[in-house]
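Me: Hi! Could you walk me through this model, starting with how the helices sit against each other?

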Amino acid sequence: MSRTVAISKFVGTISLGLLTGLSYTLSTTTIPSLLALPSATPAHSTFRHLSALTSRHQVFLSTLSASALIMSYLLSPSRSRHPYLLWATLATAVGWSPEARSKIWGRKAEQKASINTHQRAKDMRKEGSWTEDEEWIADEEGNVNGEVVREGMEGWKVKQGIKAGIWCVGWAMAVVGLWGDGA
């Protein structure tokens with residue numbers, strides 16, 4: 001039993017560290033590189049692909065981390081149930097919850113919103129009420145507004161930085177707790 005607990009603590013801590021590194025790298029290296037692209041269209045398509053892959057990996061790693069850490073807490077003998085496992089699991093869940101919510105419940109809502117947005121744009125063009133504020137939705141050729149793409153990427157960069165900070169705190173708690181356990 002103690003070997004299983006030690007392995008699950010190790011897996012939870014390592015996957016939380018990978019999760020932290022993923023978000024940190026995205027916010028400090030990847031997004032600034034995308035922002036340096038000369039055109040908004042390739043930046044937008046690359047960003048959409050990147051955000052979809054990132055979301056998938058973050059949900060996988062956070063699920064793995066949270067389940068391994070909570071399993072190690074539940075399988076530990078009562079004298080070895082240290083609260084750092086719960087705190088690290090909580091940090092994982094706090095950073096993970098918006099991604100999981102959109103993965104589980106938000107896909108259909110996002111698709112409906114996208115369809116409604118494009119239909120609204122077509123209707124506005126027909127009515128002649130199209131303004132410069134709605135330019136970001138799409139033009140006839142499917143091009144996107146570069147400023148809006150930049151703002152979206154910068155917002156996502158901040159979000160990834162916040163997630164990296166939250167997950168880093170959880171990872172640090174897990175590392176210090178493992179060190180204190182001697183596991």
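**Helix packing**

Reply: Happy to: helices H2 and H4 cross in a left-handed way, left-handed meaning that the near helix is turned anticlockwise from the far one by less than a right angle, and right-handed that it is turned clockwise. One caution is that this is a predicted model, where local features need pLDDT of at least 70, side-chain atom pairs count only at pLDDT 80 or more, and totals for chains, interfaces and linings use all residues. Residues are numbered from 1 along each chain as its sequence is written, and side-chain values use heavy atoms, with hydrogens and water left out.

Me: At what angle do H2 and H4 pack?

Reply: H2 (residues 40-75) and H4 (residues 146-181) pack at about 25 degrees, and their axes are 10 Å apart. That makes H2 roughly parallel to H4; angles under 35 degrees count as roughly parallel, over 145 as roughly antiparallel, 65 to 115 as roughly perpendicular and the rest as oblique. The axes are lines fitted to C-alpha atoms over the stretch in contact, and angles run from 0 to 180 degrees between N-to-C directions.

Me: Which residues meet there?

Reply: On the H2 side they include Phe47 and Leu50, and on the H4 side Met153 and Trp156 are among them. Contact here means heavy atoms within 4.5 Å. By class, the contact of H2 with H4 has eight nonpolar, seven polar and one charged residues. Ala, Val, Leu, Ile, Met, Phe, Trp, Tyr, Cys and Pro count as nonpolar, Asp, Glu, Lys and Arg as charged, and the others, Gly among them, as polar.

Me: And how do H1 and H4 cross?

Reply: The axes of H1 (residues 2-35) and H4 come within 8 Å and cross at roughly 155 degrees, so H1 and H4 are roughly antiparallel to each other. This contact has 17 nonpolar, eight polar and six charged residues.

Me: Switching topic: is glycine 177 buried or exposed?

Reply: Glycine 177 is buried, with a relative accessible area of 10%; buried means under 20%, exposed over 50%, partly exposed in between, using a 1.4 Å probe and protein chains only. Glycine 177 lies in H4, and its C-alpha atom is 8.0 Å from that of histidine 82, 95 residues apart along the chain.

Me: How many helices and strands in the protein chain?

Reply: Four helices and zero strands; helices (H or I, at least four residues) and strands (E, at least two) are DSSP runs, numbered from the N terminus. Buried residues make up 32% of the 183 residues in the protein chain.
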